[in-house]
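Please keep the sequence and the 3D view at hand while reading.

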Amino acid sequence: MEQKVGSFEVKKGLAQMLKGGVIMDVVNVEHAKIAEDAGACAVMALERVPADIRADGGVARMSDPDMIQKIMEAVTIPVMAKCRIGHFVEAQILESIGVDFIDESEVLTPADESNHIYKHNFKVPFVCGCRNLGEALRRIGEGAAMIRTKGEAGTGDVVEAVRHARTVLGEIRKLQNLPEEEVMAFSKEIGAPFELVMEVRKLGRLPVVNFAAGGIATPADAALMMQLGVDGVFVGSGIFKSGDPAKRAAAIVKATTHYNDPKILAEVSRNLGEAMVGRQISVMPETEKIATRGW
Amino acid sequence: MKIGVLALQGAFAEHQTVLESLGVEVVQVRLPQHLAGLNGLIIPGGESTTIGKLADAFDLTQPLRLFGREHAIWGTCAGAIYLSQNVGRAQPLLGLMDITIERNAFGRQVDSFEVDLSVPCLLNIDPEDKPFHAVFIRAPLIESVGKGVEVLASLDDGRIVAAQQGHLLATSFHPELTGDDRFHRYFMEMAK
């Protein structure tokens with residue numbers, strides 16, 4: 001019997017297996033092992049966590065394939081890696097070394113200021129960021145098999161992650177209550193493909209898995225995003241920029257599973273040491289915000 | 001009938017949706033007390049290391065082993081790994097089924113695939129002889145089975161992808177993703 005690889009079902013399916021889990025940014029093999037031991041459901045291999053990309057400035061690009069492959073060899077959980085928005089050659093390189101998921105990420109410096117990658121052409125699944133329903137559905141239209149709300153990466157301030165999750169989920173609730181004849185105008189207003197808008201209206205959710213990202217730094221932050229209705233969380237700088245990464249990583253994993261149990265959340269939040277220092281987004285100049293990258 | 005889905009991590013909601021469409025009462029199991037009164041349990045796909053570590057952390061491992069002595073358990077993908085006795089590396093396992101698993105046996109995600117399988121045992125559920133469309137995602141393989149374990153399905157090359165040992169069931173693919181509920185109905189019969 002014939003085997004079919006690289007179908008959208010299979011790509012979307014891996015995202016479904018990540019649900020209820022925590023995906024952690026790691027910059028080397030040692031971090032990757034700490035993340036796996038803590039119960040991460042996947043790791044994101046990159047050379048610098050977003051907080052350092054912010055601090056260092058300059059152009060942020062795809063990581064060294066050698067560094068990514070060493071992490072792939074060190075852990076059994078899926079390994080993701082980032083390419084720049086629109087940089088389909090970086091994506092081809094990441095696919096060729098066998099990463100399990102590509103994040104077409106605003107955290108790196110965009111390579112194209114009009115277009116994202118046409119992701120249907122790849123066998124490897126993609127995750128993309130969004131701030132609202134229109135952006136999510138444009139990415140899914142291009143072939144993204146998973147969505148994450150953007151938040152504001154590298155800040156340790158959860159406020160933007162909350163804003164983006166509330167916006168996406170709120171727009172879905174609004175869409176479900178629209179009469180049919182208003183759906184086309186709605187889809188025009190948010191700049192999203194009509195067929196996908198109709199599908200979301202029917203499903204009452206995005207047609208792919210939706211994680212939260214950008215600014216999650218504590219077990220309570222992770223549980224907050226889960227209670228708001230996302231399927232799982234990405235934690236970037238929040239773990240390895242904290243005082244005790246192994247302990248904090250395990251605590252965030254537990255909080256993501258038991259997000260509705262305040263007693264367990266209190267237990268896992270005890271004595272975690274210093275959280276990442278963080279940067280308050282409300283006093284950050286607009287030019288320093290990276291969530292606005294993506295079109 | 002009341003069936004639990006282990007809700008530590010992974011695609012548990014997908015199993016819940018299929019079971020509820022079949023009129024089953026579903027309980028999400030995160031702590032030992034959630035096992036009380038269940039007729040059976042599904043351990044979903046996800047990351048087997050994550051699921052095993054969370055079960056250990058919340059004292060669920062031993063209660064799951066005791067539950068599995070008398071009650072039906074079905075593991076899909078990561079769940080099948082977790083049910084097994086041996087995966088060739090150190091990670092938390094229930095060790096209930098006498099099967100040896102090879103993790104990520106087909107390669108990485110770019111090698112994940114769909115295929116039509118012949119599954120003769122499903123004829124007891126639906127007499128129409130049609131293949132089962134199976135989705136394999138970074139899938140494990142059942143490398144070998146012990147005495148008393150029945151092979152339910154294999155790939156063309158003979159490699160085992162579904163097996164049953166009494167009231168325990170393991171599939172390396174994902175019947176919860178494809179809209180064909182015959183495996184769920186088969187498991188409901190096992191849980192009766």
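The largest cavity holds about 200 Å³ of space. The model described here is a predicted one. In total, the structure contains three cavities of 30 Å³ or more.

**The largest cavity**

- The lining of the largest cavity is made of 23 residues, and those nearest its centre are Asp25(A), Pro50(A), Ala153(A), Gly214(A) and Gly236(A).
- Two elements of chain A, β9 (233-235) and α11 (237-240), each provide at least two residues of this lining.
- By class, the lining of the largest cavity consists of nine nonpolar, eight polar and six charged residues.

**The second largest cavity**

- The volume of the second largest cavity is about 110 Å³.
- The second largest cavity is lined by 13 residues, and Gly46(B), Glu47(B), Cys77(B), Asn104(B) and Arg138(B) are the closest to its centre.
- Both chains take part in this lining: α1 of chain A and α4 (78-83) of chain B are the elements that give two or more residues to it.
- Seven nonpolar, three polar and three charged residues make up the lining of the second largest cavity.

**The largest pocket**

- At least two lining residues come from each of α1 (8-18) and α9 (194-203) of chain A and α1 (12-21) of chain B.
- The largest share of this lining, five residues, is supplied by α1(B).
- The lining of the largest pocket comprises eight nonpolar, five polar and eight charged residues.

**The second largest pocket**

- The second largest pocket has about 290 Å³ of volume.
- A set of 16 residues lines the second largest pocket, and the closest to its centre are Lys19(A), Asp231(A), Tyr259(A), Phe12(B) and Ala13(B).
- The elements that contribute two or more residues to this lining are α12 (245-257) of chain A and α1 of chain B.
- The lining of the second largest pocket is divided into six nonpolar, six polar and four charged residues.

**Strand β4 of chain B**

- Strand β4 of chain B covers residues 72-76, and five of its five residues are buried.
- Strand β3 (residues 40-43) of chain B runs parallel to β4(B), and four bridges join the two strands.
- Within this pairing, Ile42(B) has Trp74(B) as its bridge partner in β4(B).
- Strand β12 (residues 168-171) of chain B is also parallel to β4(B) and is joined to it by four bridges.
- Here the bridge partner of Ile73(B) in β12(B) is Leu168(B).

**Gly141 of chain A**

- Gly141(A) belongs to helix α6 of chain A, which spans residues 133-142.
- Is Gly141(A) buried, exposed or partly exposed? Gly141(A) is classed as partly exposed because its relative accessibility is 33%, and this class lies between buried, under 20%, and exposed, over 50%.
- Apart from its neighbours within four places in sequence, Gly141(A) makes contact with His120(A) and Leu196(A).
- Gly141(A) and Gly57(A) are 84 residues apart along the chain, and 32 Å separates their C-alpha atoms.

Note on methods: Residues are numbered from 1 along each chain as its sequence is written. Chains are lettered from A and ligands numbered from 1 in the order in which they are written. This is a predicted model: local features need pLDDT of at least 70, side-chain atom pairs count only at pLDDT 80 or more; totals for chains, interfaces and linings use all residues. Side-chain values use heavy atoms; hydrogens and water are left out. Buried means under 20% relative accessible area, exposed over 50%, partly exposed in between (1.4 Å probe, protein chains only). Contact means heavy atoms within 4.5 Å. Ala, Val, Leu, Ile, Met, Phe, Trp, Tyr, Cys and Pro count as nonpolar, Asp, Glu, Lys and Arg as charged, and the others, Gly among them, as polar. On a 1 Å grid over the protein atoms alone, a cavity is a set of points where a 1.4 Å probe fits but cannot get out, and a pocket is an open set with protein on both sides within 12 Å along at least five of seven lines; lining residues have an atom within 4 Å of a point. Grid points are joined across faces, edges and corners, and a volume is the space filled by probe spheres set on the points. Two strands pair if DSSP finds at least two bridges between them.
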